[in-house]
Amino acid sequence: MFVRNRAQLLGSVGQERHGLSVRRRAFPLLFIIALLLLAAGCRRAASPEGWTPPTAQGDTLYVSIENGKLAALEPQGPALSSASPTASAAATPTATFPASSSGSPLPSTTGSPTATVTPPAVSPSNGAPAAASFRIRWEFPKDDKASCGGGPEESRKLEGIYGAPVVRGNKVYFGAYDGNVYALDTATGACAWAFKTDGPIIGGLALAVGDTPAADRLYAASDDGKLYALNPESGVAMNVFDAGSSIWTTPLINGNNIYFGTVAGTAYALRSDTLAPVWSKPFETEAALISDPVLAGDKVIIGGIGWKLFALDAKTGNPAWDQPVKGDNWFWGRPLVDGKTIYAPNLDHKVYAVNADTGAAVWPQPFKADDGVRASPLLAGGSLIVADREGNIFSVDPATGAEQRPPTILSRTILSDPVPFGGDVLVMVQGGNLYHIDPRGEAAPRLVAASFASATPAVSP
Amino acid sequence: MTLISFIAIAVVASMVLIYGFSNTFNLILINPLINALIVLDRLVFGEFGVAIILFTLLVRLATLPFTIRQFQSMKSMQAAQPRLEEVRKKFKDPRKRSEEEMKIMREHGFNPLGCVMPMVIQFGLFFCLYRALVFTMGGSPESLIGLSQRLYPWSFIHESVPLNQHFLWLNLGQPDTTFILPILVGYATYVQQKLSITPNATPQQAQQQQMMTWMMPLILVWISLSLPSGVGVYWVATNIFTLFASYYVYGRRGLGSWWHVLLPLPTPTPAPAPAARSQQQAAAEKNEQSDDDRPERVTAPASKVRAAHGKRRGKRKNRR
């Protein structure tokens, strides 16, 4: 009976109907499978990961090697510097930092009596040994749960950390995408306090050191459009300025003033103690200002989505150059200031070198990387270190913009700023792996701290 | 037309060879969608939720011929239903019966692809829009960096970024934690599934459609819980458009069946085939009397018809 029916079904019309039937049966199944695949890819695509650079304090590194978690790493194994004779010879302070960018890796813990620029951080002269690898001392939050300020333990999902952690005394501070500013004990990782803002924190924090510890202020800018001045001891907001538009930049502290840009394309200068405006009117442009402001002499350098890099008079807010520097995409990475030269990374795959006084190009042509450059460049070992999004690390002649040697290829997305460490460079890649890079190109890149989530990737010098 | 198609295929094939499949897909579909969405956003004064709805409207208008063809296929199938019933009664030989059924379908101009193609197009658009929204809305600063590489070099577009993510109670770049939108998505999908039920011959297909009517909304609710809300807005808007397209094809009678769909009440028994009329007349009349105050439903509840047929065929098989 079955065979007969089967044979009948294989007739011409039967075949047609059978094919149609199979298609009809298969379609809902394929549709559901496609939807499930789509759903599986959803969360990963939309989740923030963070691009915080590591911050060093003594021999401890504060990094985010797992999304939404901050870890304290301590060295283990022999020092890397000893492995390379030239590396130890180069242990002179050759690393240069973004001038006066208070959000850079490490603020001074020995501030001047008055509120001042927090000097940058990781310095080869700090005597920190460059370790072969690191181990985790603590991680926050552990198991996605933590209690802050002695309160009950609650679920904490930080999502991502973008700004560099700031260390002051025995506390490390950072802002997270969950909208909280956290203060952790440097020894144990215990949460001293958490301050909640109404939006994700995408920029970094800035610390102003006052006459007395009580006068210290920690500044946090949030996507909720507000700049908060916090007491770093208690986490209480002492002052708030409402900019009315999301703030993604790390505030810059210079003397008694604090500078930042907003997504609405407005740049502000405020008094750091009262948060009262300094400029008669804020600087306004047509597109979002998202690069961390830096100081170049008496000018504030800031760029953004409008493909322009501006120099503003720090006292008045008026444009200091005849024309802003024009790129072919967004200026998101923090510019590096070295004397009279500004190195500005752009997502158009280029790094621009311009004169700080005039905005005129210093190099015959901008340096061209293989992908967009979000990470701030770094001067180390006599080279300008440029890390592009694709995971290529270039050594560029700071004077001419010419490539000095073939790039180091990590083949992992780099959005985080490279930081100097013991004469060498540390680079955090997306996903959490931390690499040690020899800026002279004499040693192969080395994985010094691995993400829990990823396997050790292959790297090629 | 053939020449144009040939050139288009050749261009796409060349691009795939040069840029790879993924980049070509982005260049041809995703990037134009992203830029179009941002231009629309600018046109509606930065209300990205409104831009999504406007975009949905434009896309659905562009694909309206497919949608109408789908409804017309369903309509012709419904028109053929009494004759198909008759054939199923008349011919015991499956081969002969299939021949007759195909003949009737051809006479009524029923095209199976007319039902499938709009769904394929809609799903393709849904997928592309999802990708475009993930890049456009961001949801994370990382995705904005990706977006910067996809925007056309017009200051008009770049100045609109980042987009206003708030629309009604939603953050369009993030899943809706209030569950309102996922429920709306589920319900809109349920309505669409009910509308797209086609009268089929076999009980297996009826069962499948019945399953899809419930499975699809549940799956989409589940997916919506992790999708950016903007995608959910698109899905709800597109289903509302489908209802209007249904009205266009079926007229007031089609619209009359809405509330059966919106409120899943017991549906009236379909008009029986002439041959079966004598046997089912009494029951049908009884149903019509009880449903006097209910708008007449255009579509025979195909699932019930098929289920009934399935039972009868099962009995015949058992007797054999």
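Me: I'm looking at S411(A), which is found in the loop between strand 30 (403-409) and strand 31 (419-421) of chain A. What value is phi of S411(A) near?

Reply: Keep in mind that this model is predicted. As a general idea, most residues other than glycine have a negative phi. Now the case here: S411(A) is not a glycine, yet its phi is positive, near 55 degrees.

Me: Okay, and chain B? What is the phi of F179(B), about?

Reply: Apply that general idea again: a negative phi is what most residues other than glycine have. F179(B) isn't a glycine either, but its phi is positive, about 70 degrees. You'll find F179(B) in the loop between strand 2 (170-171) and helix 9 (180-195) of chain B.

Me: What is the relative accessible area of F179(B)?

Reply: For F179(B) that figure is 47%. Buried is under 20% and exposed is over 50%, with partly exposed in between, so F179(B) counts as partly exposed.

Me: Next, peptide bonds. Is the one from F140(A) to P141(A) cis or trans?

Reply: In general, most peptide bonds are trans. The bond from F140(A) to P141(A) is cis, with omega near -10 degrees. Look for P141(A) in the loop between strand 4 (131-140) and strand 5 (145-146) of chain A.

Me: And which residues in chain B does a cis peptide bond join?

Reply: V161(B) and P162(B) are joined that way, with omega about -5 degrees. P162(B) has its place in the loop between helix 8 (155-158) and strand 1 (166-167) of chain B.

Me: How do I read two helices packing? At what angle do helix 4 and helix 5 of chain B pack?

Reply: Start with the angle between their directions: over 145 degrees counts as roughly antiparallel. Helix 4 (residues 64-90) and helix 5 (residues 94-107) of chain B pack at about 160 degrees, with axes 10 Å apart. Helix 4 and helix 5 of chain B are therefore roughly antiparallel to each other. Helix 4 of chain B passes helix 5 of chain B in a right-handed crossing.

Me: Which residues of helix 4 of chain B meet helix 5 of chain B?

Reply: From helix 4 of chain B, they are M77(B), A80(B), R83(B), L84(B), V87(B) and R88(B). Across from them, in helix 5 of chain B, are R97(B), E100(B), E101(B), I104(B), M105(B) and E107(B). By class, that contact has 6 nonpolar, no polar and 6 charged residues.

Me: Last one: how many helices and strands are there in chain B?

Reply: Chain B has 14 helices and 2 strands. Of its 320 residues, 50% count as buried.

Key
Residues are numbered from 1 along each chain as its sequence is written. Chains are lettered from A and ligands numbered from 1 in the order in which they are written. This is a predicted model: local features need pLDDT of at least 70, side-chain atom pairs count only at pLDDT 80 or more; totals for chains, interfaces and linings use all residues. Side-chain values use heavy atoms; hydrogens and water are left out. Axes are lines fitted to C-alpha atoms, for helices over the stretch in contact, and angles run from 0 to 180 degrees between N-to-C directions. Helices (H or I, at least four residues) and strands (E, at least two) are DSSP runs, numbered from the N terminus. Angles under 35 degrees count as roughly parallel, over 145 as roughly antiparallel, 65 to 115 as roughly perpendicular and the rest as oblique. A crossing is left-handed if the near helix is turned anticlockwise from the far one by less than a right angle, and right-handed if clockwise. Contact means heavy atoms within 4.5 Å. Ala, Val, Leu, Ile, Met, Phe, Trp, Tyr, Cys and Pro count as nonpolar, Asp, Glu, Lys and Arg as charged, and the others, Gly among them, as polar. Buried means under 20% relative accessible area, exposed over 50%, partly exposed in between (1.4 Å probe, protein chains only).
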